[in-house]
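User: I am learning to read protein models, and I would like to go through one slowly. Could we begin with how contacts of side chains are read?

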Amino acid sequence: MARVPMPKRSAGHDRPAATIAPSILSADFARLAEECKRMVDLGADWLHVDVMDGHFVPNLTIGAPVVASLRKHTDAFLDCHLMVSNPEQWVKDFAKAGADMYTFHLEAAAGPGPDDWHALSPDAPHQAVVDLCHGIRAAHMHVGIAIKPSTPPELVAPYVAEGLVDMVLVMTVEPGFGGQSFMPQAVAKAAFLRNKFPDLNIQVDGGLAPNTIDRAAEAGANVIVAGSAVFGAADPAAVMKTLKSSVATAASSGKPAH
């Protein structure tokens with residue numbers, strides 16, 4: 001079993017509990033442990049860790065050694081987003097480092113080639129993706145699957161339906177760089193998934209801020225990643241409170257749990 005349980009849906013809400021996960025990509029890396037403690041003390045529920053390999057995406061960030069170092073300084077939920085080719089290669093390393101969530105890209109999991117994801121089907125799970133989900137669970141981490149803005153949400157549905165996934169991450173920017181503008185059309189994917197899976201944790205990542213959160217909340221998202229909007233704010237606690245309040249308001253105005 002994973003260390004920390006996932007957020008659950010309560011009576012009168014149309015989704016699991018609102019969860020705020022500041023992206024440490026926007027932190028001062030020279031003071032990373034201190035920055036992370038500050039965010040948790042100010043109200044962050046999780047810490048979002050963007051892992052980029054310079055291959056699946058054009059940027060290069062951090063890996064398991066930084067997660068292992070950070071784990072020594074915090075008990076916070078470490079939400080690791082692997083924007084990497086060959087995501088199966090790093091499962092054991094991140095489990096050993098102390099990651100709580102291992103989110104891989106559906107587009108990278110079907111095979112090593114750039115066009116392999118076109119073999120994915122909305123009607124049946126792809127065996128390589130199934131095997132990866134099982135491997136992550138066996139390593140005692142939660143399973144997340146991320147999809148790019150151009151990837152149809154129907155392609156991730158078979159894995160959720162089979163109970164293989166704890167969270168789906170809907171990218172609302174192109175993965176690879178922080179500080180991009182929110183893509184409002186991408187949140188329609190969250191709405192599709194929320195309507196189909198009321199108990200699913202749906203994360204949105206990219207350009208989320210007080211002026212864009214309502215669109216994501218109304219679409220059904222409950223796990224909110226925000227980088228520069230939080231770390232760059234004069235009052236990060238107030239920003240996180242605004243993000244969480246928007247999600248909570250949307251959740252309670254939805255269909256009652258049954």
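Analyst: A polar contact is a pair of N or O atoms within 3.5 Å; within protein, one must be able to donate a hydrogen and the other to accept it, and residues adjacent in sequence count only if both atoms are side-chain atoms. This is a predicted model, in which local features need pLDDT of at least 70 and side-chain atom pairs count only at pLDDT 80 or more, while totals for chains, interfaces and linings use all residues. Residues are numbered from 1 along each chain as its sequence is written, and side-chain values use heavy atoms, with hydrogens and water left out.

User: Which side chain makes a polar contact with the side chain of asparagine 222?

Analyst: That of asparagine 201 does, at 2.9 Å, and a polar atom of the asparagine 222 side chain also lies 2.8 Å from the backbone nitrogen of isoleucine 202.

User: Is asparagine 222 buried or exposed?

Analyst: Buried means under 20% relative accessible area, exposed over 50%, and partly exposed in between (1.4 Å probe, protein chains only). Asparagine 222 has 0% relative accessibility, so it counts as buried.

User: What should I know about phi, and where is asparagine 86 found?

Analyst: Most residues other than glycine have a negative phi. Asparagine 86, however, has a positive phi near 50°, and it is found in the loop between strand E3 (77-83) and helix H3 (91-97), where helices (H or I, at least four residues) and strands (E, at least two) are DSSP runs numbered from the N terminus. With 30% relative accessibility, asparagine 86 counts as partly exposed.
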